[in-house]
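Today I open a new structure and keep notes as I look things up.

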Amino acid sequence: MKKLMLCAAIAVFGLTNVNAQEFNVGASAGLPIGDAGDFATFSVLLDVNYLWEVSDKFEAGAAIGFSHSFGEDQSVSIGDFEVESEAQDISFLPIGAAGRFNVSESFTIGADIGYAVGINDGNDGGFYYAPKLQYGVSESLDIVAAYRGVSVEGGSFDIVSLGVEFGF
């Protein structure tokens, strides 16, 4: 029985190593839109994912990232009073699952889904989703357009981004 379990474990371990694996790192710039556009001006984003080949056309895996949006100074009028507020930057650490479908040799559509941990004070985080469209420039370089959203209490924090992703 021990030999059977050992053989099964070796077979499973061996098969998981046969499947192609891909480690990707991406950097993007984005514009906050919707609710986020009211108090943030510009965003920088970093993404890291590790994908396994499920089939010839589909990959799945884990994703983690960092997004930082630069706040904008605001003035708010309340009756006869005008109040100036300092800019507050907003940062998230999204953690989740990633899926990619290779439409053709050059085009890939995908999504990251999970939870974005709020990093700055007063930011509780929320449900994270990021549909993506990727164009393969070379075997290890993609151009990535994405819509990133974090559902927060009372609204959402949305960013439209464009960047590059390097495969290792």
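**The largest cavity**

I started with the lining of the largest cavity and sorted it by class: eight nonpolar, two polar and one charged residues. Ala, Val, Leu, Ile, Met, Phe, Trp, Tyr, Cys and Pro count as nonpolar, Asp, Glu, Lys and Arg as charged, and the others, Gly among them, as polar. I noted that this is a predicted model, where local features need pLDDT of at least 70, side-chain atom pairs count only at pLDDT 80 or more, and totals for chains, interfaces and linings use all residues. Residues are numbered from 1 along each chain as its sequence is written, and side-chain values use heavy atoms, with hydrogens and water left out.

I wrote down how holes are found. On a 1 Å grid over the protein atoms alone, a cavity is a set of points where a 1.4 Å probe fits but cannot get out. A pocket is an open set with protein on both sides within 12 Å along at least five of seven lines. Lining residues have an atom within 4 Å of a point. Points are joined across faces, edges and corners, and a volume is the space filled by probe spheres set on the points.

The search of the whole structure gave three cavities of 30 Å³ or more. The largest cavity has a volume of about 90 Å³. Its lining includes L45, F92, R148 and F157. Strand β9 gives the largest share of this lining, three residues. β6, β9 and β10 each supply at least two.

**The overall build**

I then stepped back to the whole protein. I counted one helix and 10 strands. Helices (H or I, at least four residues) and strands (E, at least two) are DSSP runs, numbered from the N terminus. Read from the N terminus, the order is α-β-β-β-β-β-β-β-β-β-β. The protein has 168 residues, and 33% of them are buried. Buried means under 20% relative accessible area, exposed over 50%, and partly exposed in between (1.4 Å probe, protein chains only). I also looked at contacts (heavy atoms within 4.5 Å). Of those between residues at least 6 apart in sequence, 50% join residues at least 24 apart.

What is the volume of the largest pocket? I found about 540 Å³. It is lined by 30 residues, and E22, E59, N102, T108 and D142 lie nearest its centre. Elements giving two or more residues to this lining include β1 (21-33), β3 (58-71) and β7 (107-118). β8 gives the most, with four residues. By class, the lining has eight nonpolar, 12 polar and 10 charged residues.

The second largest pocket has a volume of about 390 Å³. I listed 20 lining residues, with F39, I90, G122, N123 and V152 nearest the centre. β6 and β10 each supply at least two of the lining residues. The classes are six nonpolar, eight polar and six charged.

**R100**

Next I picked an arginine, R100, in strand β6. Is R100 buried or exposed? R100 counts as buried because its relative accessibility is 2%. I looked for its polar contacts (N or O atoms within 3.5 Å; within protein, one must be able to donate a hydrogen and the other to accept it, and residues adjacent in sequence count only if both atoms are side-chain atoms). The R100 side chain reaches the backbone oxygen of A111 at 3.3 Å. It also makes a polar contact with the side chain of Q134, at 3.1 Å. Leaving out residues up to four places away in sequence, R100 touches E59, T108 and K132, among others.

**L45**

L45 lies in strand β2. It is buried, with a relative accessible area of 7%. Beyond four places in sequence, its contacts include F66, R148 and I159. The C-alpha atoms of L45 and S91 are separated by 9.6 Å, and the two residues are 46 apart along the chain.

**Aromatic rings**

Last, I checked the rings. Rings of Phe, Tyr and Trp (its six-membered ring) pair if their centres lie within 6.5 Å; planes under 30 degrees apart count as stacked, over 60 as edge-to-face and the rest as tilted. The structure holds seven aromatic pairs. One of them is F39 with F157, a tilted pair at 6.1 Å centre to centre and 45 degrees between the planes. F39 sits in the loop between β1 and β2, F157 in strand β10, 118 residues apart. F39 counts as partly exposed, at 33% relative accessibility, whereas F157 is buried, at 5%. Ring pairs link F39, F92 and F157 into a cluster.
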